Amino acid sequence: MQVGRWIHQATGGNDYRPATDGTETFSYRTPRGGSFGGNRRRRSGPGGFDRRSPSRPGFSGGPVRRGHRKSGIGSFGETEAEIAKFINKAVVTTEEEPTFVPEHKFADFPIDPRLKKNIEAKGYAFPSPIQDKAISHVLVGRDVVGLAETGTGKTAAFLIPLIDKVVKHLALGKRERVLVMAPTRELAVQIEQELAGFAKGLGFRGMVAVGGANINPQIAALRHDPEFVIGTPGRLKDLMERKVLVLSSFYSVVLDEADRMLDMGFIDDMRFILSKMPKERHTLFFSATMSREIEQLIGDFLVDPVIISVKTRDTSRNIDQDVLRIPPDADKFEILVDLLQDRDFSKVLVFGRTKYGVEKLAKALSRKHIYAESIHGDKTYRARLKALDAFKRGQVTVLVATDVAARGLDIPAVSHVINYDLPSTYEDYVHRIGRTGRAALKGKALTFVQG
Ligand code: AMP
């Protein structure tokens, strides 16, 4: 294949051969006894959700310096030692993947039979490891720390027992309200979608309260006192300051992707929100990583938590990783176009560093008849959902994204992740490539290194 000429042996014998190988919010309300339904509203106001993207335009295509870092905004992958971390052939082994044998069946959990039916209707036959380990603790009211990332089934691990709690309170004529904090609008909507499936016919309400959207429909939805409020910290705080969201009646809280919320600078908002909740409450905390800051939060806000760590996919085993070395004078866009014409590149997530660059790249690809969509924080929420949906359904084969916009997204069967621009940190790299190689599928990750 033509592009092969750009590909150098990355490490001894590690041969990459591409040829072969008004919203932004939407709230729903559940009429008692009725069914869940979406009610998307138009967005108003600017996006502004991609807080971490550097503001400089274009891609970071400059020559790569070896052995030392550039000053200022750095990229991970500017030294040979760092580049080596982008290379890892998925090891071929005859060893069988150990199959997880759950201790519980959904039928065993002492939860409402209607909820069990909804779980079954969603096609969940067995609990995932995090569900198997967490649900019974949550059901008896323990605080739980789940060290697990998207793709492990962590959402259902907290939703199932909390829905059961809400339903049991309703049966006794009481109310239980649940607050879920998530870092991004997309994740909040994903959680809501999962909730909608589980909550069919159970007669309670939920809503999504996220930023970058018209706040008025959210205020209106809050007047109905929904049992579940799922939101991003900034908007939740805003609603609290307007006195339309009063947390004194919320006795359960979930912090989802807490590490990501910290990364995005939400720490003060998170602390503010938690400080306004009842002291005696049920707190669930999910994070993909553990750091000193995370430990501090856990110590401050949880009481005697059960800590459950779920080993997710082993990156080095599931994902073929390699670099594509590009000479300084070569046009990396043309190389990308060449690659994407290969039929193996059937569902490709391309990462760029800036919102502007991502938008520009998606448009340039489309002009080359490679139909691409983009997601980044300058796009309206509605437009982002539409783009994501088109990619999930296979209507476009390429989705160009910024790190923040793509974080936490659960997109099935991504064939390749291409790091068109270097990630800022190794952690970002791991998150990027984690969008491929999900479940039992093998994924491929390719990092462009120019210089
Ligand atoms: P999450 O980690 O919560 O984002 O979930 C990842 C994906 O796994 C979602 O598409 C869920 O619908 C799906 N999922 C979660 N739990 C189960 C289960 N027990 N069985 C089958 N699929 C599941």
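Biologist: Which lysine lies over the face of Phe391, and at what distance from the ring centre?

Modeller: The model is a predicted one. In it, Lys347 is placed over the face of Phe391, 5.7 Å from the ring centre. A second case is Lys122, which lies over the face of Phe198 at 5.3 Å from the ring centre.

Biologist: How many aromatic pairs does a search of the whole structure find?

Modeller: The search gives seven aromatic pairs. One of them joins Phe86 and Tyr429, with 4.5 Å centre to centre and 50° between the planes, a tilted arrangement. Phe86 belongs to the loop between helix H1 (80-83) and helix H2 (113-121), whereas Tyr429 is in helix H16 (residues 426-433), so this pair ties together parts 343 residues apart in sequence.

Biologist: Are Phe86 and Tyr429 buried or exposed?

Modeller: Both Phe86 and Tyr429 are buried. Together with Phe76, these two residues form one aromatic cluster.

Biologist: Why is the pair of Tyr124 and Phe198 classed as edge-to-face?

Modeller: The class follows from the angle between the planes, for which the cut-off is over 60 degrees. The planes of Tyr124 and Phe198 meet at 80°, with the ring centres 5.9 Å apart, so the pair is edge-to-face. Tyr124 sits in the loop between H2 and helix H3 (129-139) and Phe198 in helix H5 (residues 185-198), so that distant parts of the chain, 74 residues apart, are linked.

Biologist: What is the relative accessibility of Phe198, and what is the relative accessible area of Tyr124?

Modeller: Phe198 has 0% relative accessibility and therefore counts as buried. Tyr124, at 24% relative accessible area, is partly exposed.

Conventions:
Residues are numbered from 1 along each chain as its sequence is written. This is a predicted model: local features need pLDDT of at least 70, side-chain atom pairs count only at pLDDT 80 or more; totals for chains, interfaces and linings use all residues. Side-chain values use heavy atoms; hydrogens and water are left out. Rings of Phe, Tyr and Trp (its six-membered ring) pair if their centres lie within 6.5 Å; planes under 30 degrees apart count as stacked, over 60 as edge-to-face and the rest as tilted. Helices (H or I, at least four residues) and strands (E, at least two) are DSSP runs, numbered from the N terminus. Buried means under 20% relative accessible area, exposed over 50%, partly exposed in between (1.4 Å probe, protein chains only). A charge sits over a ring if NZ of Lys or CZ of Arg is within 6 Å of the ring centre and within 35 degrees of the ring normal.
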